[in-house]
Amino acid sequence: MLKLYGFDVSNYFNMIKLALAHKGLDYEVVNVYPNQEPEFLAKSPMGKVPALETEDGIIVETNIIMEYLDAKYPDKPLYPADPFAQARVKELVKFMELYLELPARRCHPEAFFGSKVSDETRKEVKRALFRGMTGLNRLASFSPYVAGDAFSAADIMFLYSVDLAAGVAHKLYEVDLLDGFTGAKNLMAKLNELPEVQKIAADRKAANKAFVEYVTSFQK
């Protein structure tokens, strides 16, 4: 059986949980936070999550895991078969990671864990998030899904990266990052209605207290 290493508050971990649920695949969760212990580094070279243990070995990096799952288990695909359409989905995934996920992550300490970031960082992130969201609106189709009429890996990245970016924008700047982007707002609501997404959200909520305690223990 597949083994998925990570924890329920991690958005990247939850991306893989949704990919597995979409494909109807059974797997075992191994709860672990990022760490530098030799045992875990043997599985994940940077000590990060998620990591997926397969019958052939362990794979890390969320995008690569999703691509592996699609190649190994082609039913209910996450990527189109057509080369150009497939490249478009991968382009959207990378775009959201680079221009929304990563900038927002710079402000996670203040938005979610009670720390502070510099005023300069706050300004840079605010500018980056709105530029990223505007760019995504140009690139995506939202008809109704990010890449067109079919659910794909781009929707998984959208759900778990844009949602967090919107959380940063709301908490630090008191603005709705999706305001004015009707297609994006409608899709976010549509995805959050999926039973498998609601189950992942419930797991995340249940795990959040322990995770916050874990993170704040390093700040004391």
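Me: Is Gly183 buried, exposed or partly exposed, and what is its relative accessible area?
Reply: Gly183 is partly exposed, at a relative accessible area of 24%. Buried means under 20%, exposed over 50%, and partly exposed in between (1.4 Å probe, protein chains only). This is a predicted model, where local features need pLDDT of at least 70, side-chain atom pairs count only at pLDDT 80 or more, and totals for chains, interfaces and linings use all residues. Residues are numbered from 1 along each chain as its sequence is written, and side-chain values use heavy atoms, with hydrogens and water left out.

Me: Which helix is Gly183 found in?
Reply: Helix 8. Helices are DSSP runs (H or I, at least four residues), numbered from the N terminus.

Me: Which residues of helix 8 are buried?
Reply: In helix 8, residues 182-192, they are Ala184, Leu187, Met188 and Leu191. They sit on the same side of the helix, because their arc around the axis is only 105 degrees. That arc is taken from the directions from the helix axis to the C-beta atoms.

Me: What do they pack against?
Reply: Helix 6 (119-139), helix 7 (153-173) and helix 9 (195-216). Contact means heavy atoms within 4.5 Å.

Me: New topic. At what angle do helix 4 and helix 7 pack?
Reply: About 15 degrees, with axes 9 Å apart. Axes are lines fitted to C-alpha atoms over the stretch in contact, and angles run from 0 to 180 degrees between N-to-C directions. The two helices are therefore roughly parallel, a label for angles under 35 degrees.

Technical notes. Angles under 35 degrees count as roughly parallel, over 145 as roughly antiparallel, 65 to 115 as roughly perpendicular and the rest as oblique.
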